[in-house]
Amino acid sequence: MLKYLAKRIGRSILTLFVIVTLVFCLLRLMPVEGYFANYEKMTEAQIQAGLQSMGLLDPLPVQVGRFWVNALHGDLGVSHIYKVNASVTSILAKKLPISIQMGVFAMLLSLVIGIPMGLFMGRFKSRWPDKLGTAIIVLIQAVPAAVYYLYIQMYGTTALGVGLLFDTSNWKYWVLPVCSMSLGNVAFYAMWLRRYMVDESNKDYVRLARAKGVSENNIALRHIFRNAMVPLVQYIPSAFLNTVVGSIYIESLYSIPGMGGLLVTCVQRHDNTMVQGIVLLYACVGIIGLILGDLLMVLIDPRISFGKKEGGR
Amino acid sequence: AGLLTGCGGSSSGSASGAASSGSSYTILYDSQPATLNYLTTGTDLEMVVGANCVDTLVEYDNKGVMREGLATSWDWDADTLTWTFHLREENWVDCNGEVVAPVTAQDFVDALKYVLTPDYAASNVGLVTGYIAGADDYYSYHVYLNNANTGVVDEDGTTYTVDADGVVTVAAPGADPATYAPVDFEAVGVTAVDEHTLTYTLTYDFPGFLSLLCYLPYEPAYGPLLEETGDQFATSAETTYSCGAFYLAAYESLETWVMKKNPENYDAANVFIDTISRIYNAEASVNGPEMIKRGEIDEATIGSDILDSWLADDTTKDMVSMDRPNTNYTYFYMFNFMPFSHEFSNWSVEGMDAEYEPENWAKAINNTNFRKSFLYGINNSVTLAVKAPEGYDNYKLNTITPPSFCANADGVDYLKCGDLANITEFFDEAKAKEYRDAAIPELTAAGVTFPIKVQLPYNPSSTDWDKQCQVLKQQLEGVLNDGFDFINIVITAGPSDSFLSSVRRNGKFAFLLCNWGADYSDPQTETDPFYQAEGARGSRYAFLRTGVEDGFITGDTADAVMNYMKAIEAAVEITDDINARYDAFANAEASLINNALVVPMGMSVPAYIATRLNYWEGQYASTGFSNKRLKGIHVLDHYVSMSEYEANRDAR
Amino acid sequence: MKKNELILSVRDLNIKFNLRGKILHAIRGIDLDVYHGEVLAIVGESGSGKSVFTKSFMGLLDSNGSITSGTIDYFGADDHQPIRLSALKKEKDWLKVRGHEIAMIMQDPMTSLNPLKTIGDQIMEAVELHQGLKGAAAKEKTLEYLRDVGIADPEVRFKQYPHEFSGGMRQRVVIAIAVACNPQILICDEPTTALDVTIQAQILELLKEMRVKYNLTIILITHDLGVVANIADRVAVMYAGDIVEIGTSDEIYYDPRHPYTWALLSSMPQMGVKGEDLFNIQGTPPNLFTEIRGDAFAPRNPLALKIDFVKRPPYFDVSATHRAKTWLLDPRAPKIEPPAAVRMLQEEVK
Amino acid sequence: MADEREVLLEVKDLEVTYGSGRKAYKAVKNANFTIYKGETFGLVGESGSGKTTIGRAIMRILPTSGGQVLYKGQQINGKISHALDRQVIKEMQMIFQDPQSSLNERAKVSYIVGEGLMNVRPDLSAAERDEKVRQALLDVGLLPEFASRFPHEFSGGQRQRIGIARALIVEPEFIIADEPISALDMSIRAQVLNLLRHLQKERGITYLFIAHDLSVMRYISDRIAVIHKGDIVELADAEELVTHAIHPYTRSLLSAIPMPSPRRERQKKLLVYDPAIHDYSAEAPQWRELRPRHWVLCSAAEAEAWCREL
Amino acid sequence: MLFRMKDEKAHQLEAQLDKLQADGPAAWAELPEEELFTPAGFSEERAEATSYSNYSYWGSTFRAFFKNRIAVILLAALIAVVAFAFLQPYLPGQADPNFCAVDPLTGVQYRNIAPGEDGFIWGSNAIGQDLWARIWAGARTSLTIAFFVALIEAVVGITVGVLWGYVRQLDFFFTELYNICDNVPSTIILILISYVASPSVKTLILGMSITGWIAMARFIRNQILIIRDRDYNVASRCIGTPTARIVLRNLLPYLVSVIMLRMALTIPAAIGSEVFITYIGLGLSVETPSLGNLINDGRKVMMQAGLRYQLLYPTIILSFVTIAFYLIGNAFSDAADPKNHLQ
Ligand SMILES: Nc1ncnc2c1ncn2[C@@H]1O[C@H](COP(=O)(O)OP(=O)(O)OP(=O)(O)O)[C@@H](O)[C@H]1O
Ligand SMILES: Nc1ncnc2c1ncn2[C@@H]1O[C@H](COP(=O)(O)OP(=O)(O)OP(=O)(O)O)[C@@H](O)[C@H]1O
Ligand SMILES: [Mg+2]
Ligand SMILES: [Mg+2]
């Protein structure tokens, strides 16, 4: 198993390398203008000097090489535009914790609501709990997030008697962003758990359990549920890590000083070093999510052993 | 010379309305500075630090009259081209408001050296190298030296080498190699004569120099701090020392930004705000108005699209007023005279896409009547009304230079000088149609097909520009297509990033709204977008001369262009008679406009804001960052209403 | 309850399914008595309704099917109160029957165990549900059942998962689960079809042992007459939703009367002579969507009489325990010799 | 094995491995047998013993990891020429165990049956192909009207016959029938067995017949090989094998045959085969002819003991 | 329609059989007793043919689908909305979506006219453009984009997915490619595309499908993996069927329903991501109204109670389309599941 993990991680590192290098090269396709705040009034020499100081004048392979050498030493470079001359790691280190906290809460909330909701819906398929749940899910998915987040913010703040913008120190301020953030996942978990429960409930072992005299509730809870969680559990770490890296809408709305939207901001503002740092972080997160997902699957499903699992069931 | 010599200071401490002293003030922003480094930045927002936390040698009052600042007096020696400033006692304070060191003349020298160090990539170098003796040589040499040290090879194959003596050789293929000997900073025309005496030596007798001083590269910075922090200078509140009306107390990018009153400042008595916090919110345009209503903040922008609903509502109608207008930017439409792919000295232009019929456009644009039909056909009111539902006509311009930009020796506003004085409102449907009707046979003869496609791009990230384009299209087509299918305006969205390089510099437009911000108080600065020196193929705006040289611009249009160039060259030479100088510039500008080489549009529309500040109390200048200074402004106990705003304006 | 007492009685049972708006008449008026302690085999080809019939004893019919008429009475309850199974509706009522009174083993050992629960847990669940044992006692009992069904190393196996078991072992586990419910009646729905002959034989042996040890009544479903010869006390032959012949196993094997039973017996390869054709039943089973007139087997029966197409035959008693639904037993019918293979079997007894 | 009959297929030291590296699992080891033209060669063994694996390896669906498969003297495992590939496809066909899953549910019978023709006889026109499909259906006792139906509209026996028609239409000489009746209902097994036998008689087709039930084998095969856990342990003529089974595994298989006779069944004693009785530590088992044309895999000691028993 | 025809045929066959049975036995019913007890003879056809069941996959699928009231109503409503969106410009009295109504007094455009006033059914935006016209135009644009994105994703995704799943050697390559593509932020790609080619319906379609196909491909690949080694495919390989035909005839027909579901879900997803793309400033030009830029414009004024209608109407249309596609897609996939063909 360790060997498998080592192999897996090795391959992931390779993938990571390709991803970040690719992004690195793609970013060089961006027009030069983006690197300067007042390109308009700059002279040729100034532009040269600017590019030079960002290391953009060297041949691409040299740039890539330098980037990786530095990255291996834990130096992701400094931000050129987002926060001039501040090191990327320090920026990320400041932003990440708040997003992680928020993500953890949102995740817990979505699991705590989504899973029982899906369980209920699956158990009472085609009855009113199912229909109600479906209605909620469909609504969450159909109305653009950008819109309902706004409504939550507007009415929620009044209801809670808090300000529109986020304040770390007061727990009340956490409620709305966390709820908003968890909504999508609630729908996701509930919907898929229901789907898998329904699929599972046609299996033979369910019939045996029924013939054994196990009540429907217990069948749903003790037999179907865990089986239905198997395919779902794979996505939980990824989903979790994705909430951890923040939500662009929510963090913008509430001024939460987290990771959300950082990527978009930095791509738009041509802060290449930041983009690279963030992409590296995201890719790590994505890949770790995949590995964790597989690990979780192995934990919950005794049939799957590391060696066999290759590319999904 | 010595056009604008020192004026006495007249500090207007008259506080109107019920001012609450010792107040704190919170502003919601949708952008935050990326850097506090006032020496290197070039963005409007980031200037706020330089404007409020660092004093400049000279200042303005709230009417735009220059007065002493950090310098108590100054004099000008026309022979040696030297300005000498006498500094007052002043201290640097850190982010806790504690005194660190006195401000000395050396701080200006150190700051300028920092600006001229290519590694720091200061964006306003041009405002130094153009005017301070030796600065250009020093800067270029260091750029080349850097290139040589890192072995840069330019795209065109230019190589850089440095020898043991530090002489840099720049070898461009097909040209003789040029050599650059080492330049010491001593050679740059800035000197700390003693602690409180500072001199600048200029390259030529430049009339606008004093107005340049209210700008970033001419601000002081504490030398030892620069030394110590290098490129980390002013990356945080801790690495920034202040000597202005306020000191920077806290700063975290995209989070908080707090400035506090600096009691150490010589002018502290005129500072009426204790703490200014700027809160960042990416959705400020959505949240700001709501937060104002809820009383969570003191100031926010009210977008033009919700303005009337605020004005219509009794609870909010008295809460909205405007920012103080400033003429830092003026807007005008440019024609693309070279819509094809072609090469410039250091970049290539793709030109308009075939679907927008560049051939047809290129033929049409050389027709003066055609252009004039635009000049007379456009009603700028409608586009301005998008941004300024109220009083849009106040922001209309029929010139490139805004009013009250500068005045000649007789106090005559530049716009009343020379031929500019004759320019009146252009919009005139009948005239526009006349020109159109005159143009039709000429264009037909030239082989132009109708309707002529006019590609009109906009930048989606720029608020309301899209709407302005739509309104313009409808309005202009309404006039010119009346009775004849003359033009077809095609609105295209440019990329929101690098809009200028992919659209304007890339020639991907037919007709485009552009703007220009003056750097100093002299009409010369307003010629920058249009004037091209002979052989200078690299100016970034209109490539008028290049267009003539390359044969794109022909006939009477070419004559008009060349006349303009010559007129500017002549005007620049006049440095001893300001009236003559201004007249010459004014004539040139008028010819540019009357020949419809450019179509004036308007000035920046001040934002609608809900504010408790009377901005009319603040400093004012047509260039530089003085308008951003909060010194002298009181915090009111109520929001400024539109009528109060107007009253304040008139009472100023 | 004593041996050979009536434990289950089915009277004129009709089950219909509503399939895409059409009515499928799956069970067409079956009468059957099951006695305590016996092994009753139900034999019939695929689709003849064997599973549907037995599922109806436990309320496990698919949701689109229902008992339209007839009764099922169960007499084996502890309190000796008969239970009318055909009238039970609520899940709660069924829970008293399922497992506790009647347990069931399904055909496919590969899929009928929960893949995520240990073998031990799955058996223990039944023990806890139906024997009121908890904790260590339940575990002890579970181990005993594992041992009973012939699984070596029960302690180790207890903690293993189904995928670690072979097909035969899994089927044993399923049997253990059913037995652990401590039922009166054990319904085995084709418990060996998916297994190969050797394993099949072993499982049947096991069932025999279990029956003795736990005093079970077994209803064994299969389509293979060969498989049940060994174990069944009585055999019921089903065709198209009806029991066409029923009798003790000797009677069915050595003195079958229904042409379908003949056909079933003679088509077995064991009966074949090398180089000669096996007897085969031509054609395909009847379409239960259309109303069946007369004898359902008639269209495939080369020996069919004209009356077979007209009138449904009643039961004709051959002996006290043996009866068959065929007009051939009617005195008016011509004498028809059973086929060669059947005669061969009859020879055997003589 | 002196035999004057024409050899159709020869399997020499066949070895098939699933997976690779550490996970590699040898499902078939050292399989050796010869199939003569026109005969039915039976392969029996319990589930998982490697029967299907051998069949599929011969069919070239599975790659072999060792040994040779010779068809009409030509090696057909590993890389072969395109022409030979075509020939093998045409002359060798397979019938599958499960009629349910081996028919494409979303295709009409006409396509399923005619599919092979499209490949081996691209020269035929659609009409000719239809005619052949018709004929093939008639050959397997189905009505030609069925051509336009879908598989799910048929009963198990009919489906299996469609599968047979699919194999037959390319007029193969050799058919591998992989448990063609195991999944079928007892009452229709006979149909299929009869059909296979008739076809053989009429067309001289050679079969490799795979099953786990010796009673079926005995009825249909000429010679039978018994396979256990990837090893062929015994090979003899059908009657010989059934009456004089030597290897204990074969005997256990025999003892498990269900008989439709309660009396005989009650007397029947199950023999359970325990591979541990072999002691191959001293001597690896070998392929020995213990009776005429009756080969057994055993060690010398075992050979002696078993011979004595006979 | 196909399944209808098949039904027809089935009925004929059934009728024939009924007749056959009726002819023989019906005639016999009147026979005297002794006659009744004589052998009836054996007809092979009678034995063979009775097994017909009228199960048709698509027939049942559609029947099951049409049983689902809500889905059918939604389908009808969706068709109505889509049809209306595309027909609206041809109806009489419709405003040009880009026309700004001008106040004749000032010559300047009207601002934010409330719904229902001056003939503005859904009001106007800040420059006097008719929201009714803009929203329908927007629905047109967004639906077109979504349709093409779904189409491209389906075509490319299916092609690649089939290759990926079916050709073992390609698995490693595509899996790694997937890992890479999945982790390169699509924002970067979108921004690059919008830089290279200015924002237009085409570039938007390109941008969305360039990142979307891989998910589709992976989905198809997983499905293919499930069915690729089923016996019937092995059988086809045995008789030498070329891979292309196996894919076409054996694999794809099994995937039709899941592909349809997937496409039905892609359409709302594409509209949703258009909203996001507009939010980050890469959306379409104002000249081409789309639900994305309308919602984004609406968002900006949403805190203002009196202007909320600007957000409300496009959101309603968007939500309706999304919900409809979502529920219809789900109902269809349920209906396509043979397990649900019982009733
Ligand atoms: N849920 C259902 N809906 C419709 N018809 C059904 C349903 N369940 C069973 N049937 C039909 O009832 C008849 C009897 O089915 P049953 O499963 O009892 O057969 P069986 O004898 O057990 O066959 P097998 O040997 O294949 O298990 C068949 O025709 C079958 O198609
Ligand atoms: N794809 C595969 N990968 C790995 N092992 C396999 C694979 N297919 C079969 N095996 C293993 O190979 C061995 C032989 O399998 P095979 O299918 O040939 O058996 P069989 O004799 O046909 O059994 P059955 O009677 O169940 O069909 C078994 O142990 C099986 O687990
Ligand atoms: Mg059954
Ligand atoms: Mg097999």
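## Strands, a contact and a patch

In chain C, C:Asn14 has C:Ser69 of strand β4(C) as its bridge partner. Please keep in mind that this is a predicted model.

Strand β1 (residues 6–19) of chain C and strand β4 (residues 65–74) of chain C run antiparallel to each other and are paired over 8 bridges. Strand β4(C) also pairs with strand β5 (residues 83–84) of chain C, again in the antiparallel sense, through 2 bridges. Here you can look for C:Tyr74, which stands opposite C:Ile83 in β5(C).

Now move to the place where chain D meets chain C. How many residues does each chain bring to the contact? Chain D brings 38 residues and chain C brings 46 residues. Between chain D and chain C, the buried area is about 3600 Å², and carbon and sulfur atoms give 56% of it. Within chain D, the residues that lose the most area to chain C are D:Met186, D:Tyr219 and D:Pro260, which together make up 20% of what that side buries.

Here are some values for this pair of chains side by side:

| Item for chain D and chain C | Value |
|---|---|
| Buried area | about 3600 Å² |
| Salt bridges across the interface | 3 salt bridges |
| Polar contacts (both residues at pLDDT 80 or more) | 18 residue pairs |

Which helices of chain D supply at least two residues each to the side that touches chain C? They are α6 (186–203), α7 (214–220), α9 (248–255) and α10 (262–267) of chain D. Helix α6(D) gives the most to that side, with 8 residues.

No contact joins chain B and chain C, and their closest C-alpha atoms lie 48 Å apart. Chain B and chain D are not joined by any contact either, with their closest C-alpha atoms 48 Å apart.

Finally, visit chain E. On the surface, E:Phe147, E:Phe148, E:Leu151, E:Ile152, E:Val155 and E:Val156 form a nonpolar patch, with about 460 Å² of accessible area together. One of these residues, E:Val155, is found in helix α6 (residues 131–166) of chain E.

Conventions: Residues are numbered from 1 along each chain as its sequence is written. Chains are lettered from A and ligands numbered from 1 in the order in which they are written. This is a predicted model: local features need pLDDT of at least 70, side-chain atom pairs count only at pLDDT 80 or more; totals for chains, interfaces and linings use all residues. Side-chain values use heavy atoms; hydrogens and water are left out. Two strands pair if DSSP finds at least two bridges between them. Helices (H or I, at least four residues) and strands (E, at least two) are DSSP runs, numbered from the N terminus. Patches are made of residues with over 30% relative accessible area and no salt bridge: like charges are joined within 9 Å, nonpolar side chains (Val, Leu, Ile, Met, Phe, Trp, Tyr) within 5 Å. Accessible areas come from the Shrake-Rupley method with a 1.4 Å probe; for residues, only the protein chains shown count as cover. A salt bridge is a side-chain nitrogen of Lys or Arg within 4 Å of a carboxyl oxygen of Asp or Glu. Contact means heavy atoms within 4.5 Å. Buried area is the accessible area (1.4 Å probe) that two parts lose on being put together, summed over both. A polar contact is a pair of N or O atoms within 3.5 Å; within protein, one must be able to donate a hydrogen and the other to accept it, and residues adjacent in sequence count only if both atoms are side-chain atoms.
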